[in-house]
Amino acid sequence: MTVHELDAFIDGLPKAELHMHLEGSIEPELMLDLARRNGMNLPWLTADELRAAYHFSNLQSFLDLFWTGCRVLVQEQDFYDLAMAYLRRARADNVLHAELFLAPQNFTLRGIAAGTVIRGVKRAFEDAAREPGISASLMIIAQRHHPEAAAFELLEQMMPWAHEIAAIGMGGPEVGHPPSKFTNFFRECRTRGFRVVIHAGEEGPASYVREALDLGADRIDHGNSCIDDPALVRTIAEQQTPLTLCPISNLRLKVIPTMEAQPLRKLMEQGVRVTINSDDPSYFTGYINDNFKACREAFALTKAELIGLARNSFTAAFLSEDNRQRYLGMIDSYAAGAQ
Ligand code: ADE
Ligand code: ZN
């Protein structure tokens with residue numbers, strides 16, 4: 001296959017997205033529309049002006065803008081519009097299943113009711129399951145720069161929707177806030193039957209990834225820095241704990257100097273179950289297929305390797321066994337038809 005054929009193959013490849021922050025999918029046009037709807041002034045008057053602000057020196061510089069973007073989300077309909085826009089865009093990339101992050105503290109700590117946020121998102125999930133035909137589930141993130149007590153408060157607020165939450169996670173500024181800061185919180189989440197996912201090893205060291213594993217994380221979000229600890233990589237490979245890599249995000253946040261420095265290929269070679277994801281696609285100007293294509297180019301990924309990565313996205317997903325097999329079968333049929 002030529003590189004053009006491989007990129008076309010990526011476009012049609014059935015896939016799941018497992019690491020995407022709903023707040024980070026807000027496109028500049030929607031941000032400006034919602035600001036107008038909610039009678040707010042933003043420092044940018046046009047989508048182009050806003051796009052021009054999308055230059056980041058590290059995770060914190062991005063989070064500062066990300067939180068400004070969160071301010072325009074106020075009413076239930078705003079959350080519906082946000083989620084629906086992402087789900088339509090993802091379906092165009094042949095994402096058939098998406099497990100999506102939302103950090104309610106971004107809203108509840110300014111007085112927006114948790115129900116306003118969750119109901120808007122859930123309604124979009126229901127409509128998107130019918131049309132455009134994408135299944136979605138919600139992962140709730142506690143922000144790691146807040147105290148553990150605030151995470152416990154969040155957990156209580158989320159209990160009415162407990163049966164609809166795919167996992168509880170941890171996000172936000174990493175360095176100085178290791179996973180072990182939330183040891184009691186994650187123990188309680190697991191006691192209550194929640195799956196746990198933890199952002200670790202994006203900017204933080206390999207020891208943060210090890211802590212996340214020790215806390216029983218079902219998946220590690222990013223996990224890049226595990227590459228600095230060969231014994232840790234072996235453990236992750238043996239346990240088959242999935243890593244949700246976000247290559248374009250890493251480049252935009254200067255976690256890596258070039259795409260070639262992303263540890264994807266090395267991790268694949270060592271048998272780690274890696275997946276490719278977009279993280280905050282609007283701010284990083286790259287949806288999931290852009291991420292696949294950037295990796296295809298940087299690592300000369302073959303058709304078989306691309307299929308393996310798409311398969312990983314479903315084997316790492318929190319799906320029933322029936323649904324998992326159904327999606328894997330769709331990859332097989334697609335691959336057989338695209339010689
Ligand atoms: N929240 C949104 N994007 C994030 C990222 N890349 N790392 C940590 N927390 C986040
Ligand atoms: Zn993330």
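R37 is partly exposed, with a relative accessible area of 41%, on a scale where buried means under 20%, exposed over 50% and partly exposed in between (1.4 Å probe, protein chains only). Its side chain meets that of D78 in a salt bridge of 2.6 Å, N to O, the term standing for a side-chain nitrogen of Lys or Arg within 4 Å of a carboxyl oxygen of Asp or Glu. This pair links distant parts of the chain, 41 residues apart, with R37 in helix α2 (residues 28–37) and D78 in helix α5; D78, in contrast to its partner, is buried at 0%.

The model is predicted, so that local features need pLDDT of at least 70 and side-chain atom pairs count only at pLDDT 80 or more, whereas totals for chains, interfaces and linings use all residues. Residues are numbered from 1 along each chain as its sequence is written, chains are lettered from A and ligands numbered from 1 in the order in which they are written, and side-chain values use heavy atoms, with hydrogens and water left out.

**Salt bridges**

By the rule above, the count comes to 20 salt bridges, and three of them are set out here.

| Pair | N to O distance | Relative accessible area |
|---|---|---|
| D78 and R37 | 2.6 Å | D78 0%, R37 41% |
| R89 and D93 | 3.0 Å | R89 31%, D93 7% |
| E321 and R324 | 3.1 Å | E321 46%, R324 11% |

E321 and R324 lie 3 residues apart in helix α16 (residues 321–337), and are therefore separated by about one helical turn.

**Sheet and helices**

Helices (H or I, at least four residues) and strands (E, at least two) are DSSP runs numbered from the N terminus, and two strands pair if DSSP finds at least two bridges between them. An open sheet of 4 strands has the order β1-β2-β3-β4 with parallel pairing; β1 (15–17) and β4 (165–171) stand at the edges with a single partner strand each, so one side of each is left without a neighbour in the sheet. Strand β3 (residues 135–143) is joined to β4 by 6 bridges, and A142 has M170 in β4 as its bridge partner. Helix α5 (residues 76–92), which carries D78, lies across β1, β2 (95–102) and β3.

**I168 in strand β4**

I168 belongs to β4 and is buried, with a relative accessible area of 1%. Beyond its neighbours within four places in sequence, I168 is in contact (heavy atoms within 4.5 Å) with residues including I140, L155, F185 and V197.

Methods
Axes fitted to C-alpha atoms, helices over the stretch in contact; angles between N-to-C directions.
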